[in-house]
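Subject: Structure handover

Hello,

Here is the structure for you to look through. My notes follow below it.

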Amino acid sequence: MAIDAANTTTITPRRSGYRFNVTGWISLVIILAWAAIAILAPYVTPYGISDIVDTDYFGPMSAQFPLGTDYLGRDMLSRIMFGARYTVGISLAATLIACTVGVTLGMAAAVTGGWFDAALSRFIDALSSIPSKLFALVAVAGVGSSIPVLMLILGIIYTPGSYRFARALAVNVNTTDFVTVARIRGEKLSYLIRAEILPNIIGPVLADVGLRFVFIVLLLSGLSFLGLGVQPPEADWGSLVRENIGGLPFGAPAVMAPSFAIASLTIAVNMLIDNLPQKIRDRSE
Amino acid sequence: MTDKISSSWTSADDAIVENAIRRGASRRDLLQMLMAGGLAASASSLVLARATSALAQTPVKGGNLKAAGWSSSTADTLDPAKASLSTDYVRCCAFYNRLTFLDGNGTLQMELADKFETKDAKVWTVTLKKGVTFHDGKPLTSDDVIFSLKRHLDPAVGSKSNSLAKQMVEFKAVDPLTVEITLAAPNGDLPTILSTHHFMIIADGTTNFAKANGTGAFTCETFEPGVRSIAVKNKNYFKSGGANLDSFEFFAITDDTARVNALLSGDIQLAAAINPRSMRLVESQPGVVLSKTTTGNYTNLNMRMDMAPGNKADFVEGVKYLLNREQIQKSALRGLAEIANDQPIPPMNKYHNKDLKPRAFDPERAKALFQKAGVLGQTIPIVASDAAGSSVDMAVLVQQAGNAIGMKFDIQRVPSDGYWSNYWLKAPVHFGNINPRPTPDILFSLLYASTAPWNESQYKSEKFDKMLLEARGSLDEAKRKQIYDEMQVMVANEAGTAIPVYISNVDAISNKLKGLLPNPLGGMMGYAFAEYVWLER
Amino acid sequence: MNLHLCYLLGGRLFVALLTLLIVSFVVFCATQILPGDVAEVLLGQAATPEAVAGLRAAMHLNDPAILRFFRWLGGMLTGDLGMSYANNRPIAELIAGRLGNSLQLAAATALFSVPIALALGITSAMLRGSLYDRSVTMATITVISVPEFMIATAGVLIFAVWLKWLPALSFARNITSFGEMLRIYAMPVFTLSFVISAQMIRMSRAAVVEALNTPYVEMAQLKGASRPRVVLRHALPNALGPIVNAVALSLSYLLGGVIIVETIFNYPGIAKLMVDAVATRDLPLIQSCAMIFCVVYLLLITTADVIAILSNPKLR
């Protein structure tokens, strides 16, 4: 889904009071817990992710298989723990790519202006007019699906949104007196971006990073529906939901558990952003 | 019989079930009876589906059938030569006819042809039925037959059966209803070859396939590639009575779960090729029955014998012992498969060699063979893809078995797009998927002869080639059976193709839909169900 | 003002054409990296080298790709979309029906979701910090974090298989009554609304909150204007720009992004057409679909811009 937050730049709800509230803390704990599971997965999973350990399929929750078994009789708990690596890892990398490239180009376009700005903006417009899933389809068909490719594709898909967002913010900052002074002083583009623009837009940019992360997680699961996501026997959470969707009529834990995992991560990330300490959010306001 | 439930299930048992139904036993009674006999629940309901449909009550006329296949795209076509998917076959069977067809027992029946005659299996005289007309009113003549067959030789047509058609070198219209076909070399199987779906008869000179103009039981009212087709009963059909249905809508629902749900909600009356894992859901629903066909479709592991590591015969044999056929059958295919013995002719075919037993799972023996080949400890890449059904699951099972004996397999899962042109036949170790073919001659000439276009493992044997020609030219059944038996042993022991199981096809149908019988040419009654089934009200 | 608007629209039109040209070229380059071609796809397993060569020659696929691209572009400029490689039918004919279906579904979804999303967003902004606001926020995030194929499949199971209230397939058949139309569109529209509403709710809420913080709104409040009046008369016009922008972007998703919904409900729309085109390497069809997505996107974005300009007194 193409997301553009450009025109809502400096908006964050202003709540006075404590610096980092309970919701924020809970969210942070959930995110850190998933990150820890992702890192420690190989050491703590009870079974191998591709070991068929149950003769039945879509097994219920039991002491032996706490989250049941999947469509081939593999342990779901182990698969979800490993899935955290792909969902968190790929999404994080893609978010970083999208935001680094998008924000840098956005600021450069705002500061440089002129034909550079115009050409880049047109190109980005063109890029974002191609529906993201179809873009991914062509790219994966062209170069094959691998984890670096997925990161790159997701990164590229979300760069336009990030670019537009950062550019809109930077254009505002660009007209302020201190930037004008710095420019007259003869400072270079890289200095202007690094020292003058970035510190003044970092708050909303961070908020945007979080939101973009959520959409990348969701697009990744959408790609797995089309068979373009992480390839078996490995699976991200979206692929886990997809491959076990046949268990839905029985309410199999194999399909419910990864859905809850996705929901817990995305909700936590959003809640964390909404409840970031006032200081970070207000830096640029 | 195409519908083997388990090895202990015999036709005598079938008769018991049929008798019970005649006596008015309810579905519940029957299930109890079958369960008492030690059959698993899933197998029992399969028996039921078959027994009830075999006890065909009088067909009911009328009704509109909606049926869904599993794949469809803008490349859907009404051109029988180009037809490539089940979806195309279903439509072709509804709109056109073949010269011959195979019935449920695998016996050849005449359709548009009245008879096939030959003295030497080289020059064939085909007499056509009288009074057959195309949908546009034009009568069927030998020119139509010659046009339909000859176009397979033109590369611009892009025929799927070009390699089979090539043996027909000369066509002659003797009179308006008699065609003489001359083959390059004798082939006793010609009438069976012409029963395959690509050899549907179209009107002379047809180049536009936006609508179908055939002789079939239905006329084409709507055809939108990738969307749907609507067929209406052909009132002038040459077979007496014609189709039972008034109309028949066919489309594809690619998502497995969505296809089953559409059947359960009553939107459609037939969901083709359901996923083995949907069985549990479907079985728990009243009003749905399953129709199982094991036709000889298989997914096989190919090791090219002209490349490492397949050039070492011990490696090839080791892999055949490392395939846990029972686990593939039970775990990957949920019981919807029959264990195979590394050769392409399935048990339902009369030429199947019953004395050739499948290899047992024997990792220790495999280990010894790998050691002898000097590959133990190496990492062997295996190319798998969704394009070859269940190949990824099979690869995972092989990988697991290999890990236990210190043999590493690296699964390279590649996209379905372009699999057949980029990986199949090319990679040293890869999976293939072969659709059922009606005769051993077709299978062997396509897949195992030294010059075969799809020689998956690059198997080359002069002896094999000679035997193939001998059996092809012979009209002596006993002799052919004997030769084919020996050829199956050769393929199982010498070729680099490991064939673990024959995969069954299960169609789920509404219990209102009657008359659907298994057929050796594929699921959905060899794709020709529309003409024969009826809907009860 | 009218002159200014004409100038603006003219400029936009020029830029849009330029963007279209870039997109067609980018798509062309992308299709060049796809392995295999339509001849191989059509022949499938029967793709022996001789057969492929024969079919390629017959389909004129041996001409240089760039030449075929310019041929297509030339045709496009004269309004001729060309013939599909895969089934040799006019592309315009293939697209026409599908585009109609897609637009119908998009329109139904927009009619349903936009008012609800905006109402939820604006009211939660007005009641900022309240329990209502927090539950709306929580609900939107929860809804958007469930993969859409899960929502769609669960919907079919509940409403079609178990309750039998709605059909499982949304094939746009010959609709005879309004009630039937509602039944057919209910589930895909619901699923899509889940997907696109979250963004609109978040954006409209944020925009209104921002507008409520501006000095002149605070002034209006001090003057004693009622809260709904403040929101509707003062805050909303200023927040309209970002809101229509968010709506436009969400709606652009409804044409190309709905492949999952089209697949599950078997709805013959244009997204599935393009997926087919990619699978069969049907280059002219891929190009034409991409053009349509691009045109609709530009149309929506431009409309949003114009509304934003007209609604903002400063820009006007």
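Predicted model: local features only at pLDDT ≥ 70, side-chain atom pairs only at ≥ 80, totals over all residues.

Q458(B) counts as partly exposed, because its relative accessibility is 25%; partly exposed lies between buried, which is under 20% relative accessible area, and exposed, which is over 50% (1.4 Å probe, protein chains only). The residue sits in the loop between α15 (440–447) and α16 (462–473) of chain B.

Residues are numbered from 1 along each chain as its sequence is written, chains are lettered from A and ligands numbered from 1 in the order in which they are written, and side-chain values use heavy atoms, with hydrogens and water left out.

A273(B) also has a positive phi, near 45°, and is not a glycine. This residue is in the loop between β11 (270–271) and α9 (279–283) of chain B. A273(B) counts as buried because its relative accessibility is 17%. A cis peptide bond, with omega about -5°, joins A308(B) and P309(B). P309(B) belongs to the loop between β12 (288–303) and α10 of chain B. For background, most residues other than glycine have a negative phi, and most peptide bonds are trans.

Chain B as a whole has 19 helices and 20 strands; these are DSSP runs numbered from the N terminus, helices being H or I of at least four residues and strands E of at least two. Of its 537 residues, 62% are buried. Contact here means heavy atoms within 4.5 Å. Among contacts in chain B with a separation of 6 or more, 70% are between residues 24 or more positions apart. Helix α10 of chain B, residues 313–322, is mostly covered, with eight of its 10 residues buried. Those buried in α10(B) include F315(B), V316(B) and Y321(B).

Next, the cores. A nonpolar core is a set of buried Ala, Val, Leu, Ile, Met, Phe, Trp, Tyr and Cys residues joined through side-chain atoms within 4.5 Å. The largest has 179 residues, and W237(A), I268(B), I274(B) and V208(C) have the most contacts inside it. α8(C) gives the most to this core, 14 residues. Another core of 100 residues lies apart from it, and V316(B) and A395(B) are among its members.

Last, the interface of chain C and chain A. Here 52 residues of chain C are in contact with 51 residues of chain A. The area buried between them is about 4700 Å², and carbon and sulfur atoms give 76% of that; buried area is the accessible area (1.4 Å probe) that two parts lose on being put together, summed over both. On the chain C side, F149(C), M150(C) and Y297(C) lose the most area to chain A, together 13% of what that side buries.

The rule finds one salt bridge across this interface, a salt bridge being a side-chain nitrogen of Lys or Arg within 4 Å of a carboxyl oxygen of Asp or Glu. E148(C) forms a salt bridge with K133(A), and their closest N and O atoms are 3.3 Å apart.

Regards
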